[in-house]
Amino acid sequence: VTDNADLDKAIALAKLPDVITCTFGDMLKVPGSFSSLQQAKAEGSDIRIVYSTMDALQIARENLGRPVIFIGIGFETTAPTIAASVVQAEGEGIRNYYVFSLGKLCPPVIKALLDAGEVSLDGIVCPGHVSAIIGSRPYEFIPRDYGIACVVSGFEPLDVLLCIDMLIAQIESGQAKVEIAYRRGVRPEGNRQAQQLMDKVFEPCEARWRGIGVVPHSGLKLRQYYERFDAERIFPVDPGPSFEPKGCRCGEILRGVTKPTDCKLFRQVCTPEHPVGPCMVSYEGACSTYYLYGDTYGG
């Protein structure tokens with residue numbers, strides 16, 4: 001969902017002299033306007049895959065003479081861990097650790113998509129990992145203002161089946177509400193400790209979303225107190241104008257207005273080995289899923 005302009009900036013930061021860039025693995029192949037982090041790495045930039053923000057912080061400890069920038073991408077699920085790394089860096093007096101914050105918030109963009117009115121929805125499967133942090137209450141505006149059923153789902157097959165059953169029951173009864181089908185992982189109030197940590201370090205800001213544009217209060221930026229850890233502020237870069245690849249329909253696919261198979265690049269030019277758009281990169285991406293399993297289900 002990250003806009004190409006933000007990806008281009010991340011790549012530009014990674015190309016700065018002496019910088020070590022840390023990122024999660026699925027970001028490496030995501031194409032920007034002109035390049036990718038993987039290509040920048042092949043050209044000599046020091047880009048390292050980490051499995052947690054604490055791995056990035058350890059790299060900063062081991063390389064005190066070099067700036068270490070963590071590409072802070074993700075939803076409410078990863079934001080508390082990024083916040084924890086900033087608090088830890090401050091506590092230890094680590095001065096060479098920075099975060100390029102590309103965090104995104106789910107409820108504001110859900111509202112933006114519903115307000116756009118491009119897709120008719122009877123029910124929404126709310127994400128279990130995000131909801132484990134924020135709880136189910138932030139979704140209450142959906143049935144209240146739009147009359148759409150909502151159920152928070154887990155990730156096992158039985159979780160998904162239970163979620164669908166609960167959605168159908170709501171739709172058939174005509175009583176839209178927010179329910180949880182993943183109670184072993186999600187509480188209505190969410191994880192208060194994680195929320196407090198996230199709120200301590202970050203504040204909401206406007207953010208660019210691929211295929212949607214700028215959505216108010218849908219991003220996360222470092223609060224003023226922690227701005228010395230803000231890579232975008234400390235290392236201003238101008239990667240130039242961004243653009244989407246010609247023919248790529250990832251924006252429409254992300255909004256749900258078209259299917260991957262409707263894109264002329266799908267399977268022909270755009271494949272998991274050579275992705276043109278981000279939806280083909282991660283195993284969680286819609287195009288990647290269709291590429292692997294679409295024929296099985298007649299997609």
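Reply: Ala116 sits in helix α5, residues 106–116. Helices (H or I, at least four residues) and strands (E, at least two) are DSSP runs, numbered from the N terminus. This is a predicted model: local features need pLDDT of at least 70, side-chain atom pairs count only at pLDDT 80 or more, and totals for chains, interfaces and linings use all residues. Residues are numbered from 1 along each chain as its sequence is written, and side-chain values use heavy atoms, with hydrogens and water left out.

Ala116 has a relative accessible area of 47%, so it is partly exposed. The scale is this: buried means under 20% relative accessible area, exposed over 50%, partly exposed in between (1.4 Å probe, protein chains only). The C-alpha atom of Ala116 is separated by 9.7 Å from that of Arg255, 139 residues apart along the chain.

Next, the loop between α11 (250–255) and α12 (286–293). Ser282 lies in this loop. Its relative accessibility is 15%, so it counts as buried. Leaving aside neighbours within four places in sequence, Ser282 is in contact with Asp26 and Ser288. Contact means heavy atoms within 4.5 Å. Arg267 has its place in the loop between α11 and α12 too. Its phi is near 70°, a positive value in a residue other than glycine. Arg267 is partly exposed, at 33% relative accessible area.

His217 also has a positive phi, of about 60°, although it is not a glycine. His217 belongs to strand β9. At a relative accessible area of 56%, it is exposed.

Now the cavities. A search of the whole structure turns up 2 cavities of 30 Å³ or more. On a 1 Å grid over the protein atoms alone, a cavity is a set of points where a 1.4 Å probe fits but cannot get out; a pocket is an open set with protein on both sides within 12 Å along at least five of seven lines; lining residues have an atom within 4 Å of a point. Grid points are joined across faces, edges and corners, and a volume is the space filled by probe spheres set on the points.

The largest cavity holds about 70 Å³ of space. Its lining includes Cys248, Cys250, Cys263, Cys270 and Cys287, along with Arg249 and Phe266. By class, that lining has 10 nonpolar, 1 polar and 1 charged residues. Here Ala, Val, Leu, Ile, Met, Phe, Trp, Tyr, Cys and Pro count as nonpolar, Asp, Glu, Lys and Arg as charged, and the others, Gly among them, as polar.

The second largest cavity has a volume of about 30 Å³. Gly72, Ile73, Gly74, Phe75, Thr78, Ala79, Ile82, Ser101, Gly103, Phe202 and Leu220 line it. The elements giving two or more residues to this lining are β3 (68–74), α4 (79–92) and β4 (97–103). β3 supplies the largest share, 3 residues.

Ala194, Gln195, Met198 and Val201 are buried in α9. Seen down the axis, these buried residues fall within an arc of 140°, so they line one face of the helix. That arc is taken over the directions from the helix axis to the C-beta atoms. On the other side of α9, Gln193 and Gln196 are exposed. At the start of α9, a side-chain oxygen of Asn191 reaches to within 3.2 Å of the backbone nitrogen of Gln193. A polar contact is a pair of N or O atoms within 3.5 Å; within protein, one must be able to donate a hydrogen and the other to accept it, and residues adjacent in sequence count only if both atoms are side-chain atoms.

The second largest pocket has about 320 Å³ of space. Of its 18 lining residues, the closest to its centre are Asp6, Ser101, Cys205, Glu206 and Glu232. Elements giving two or more residues are α1 (4–14), β4, β8 and β9. β9 gives the largest share, 5 residues. The lining has 7 nonpolar, 3 polar and 8 charged residues.

Finish at α1. It is mostly covered, with 11 of its 11 residues buried. The buried set includes Asp6, Asp8 and Lys9. Asp3 caps the N-terminal end of α1, with a side-chain oxygen 2.8 Å from the backbone nitrogen of Ala5.
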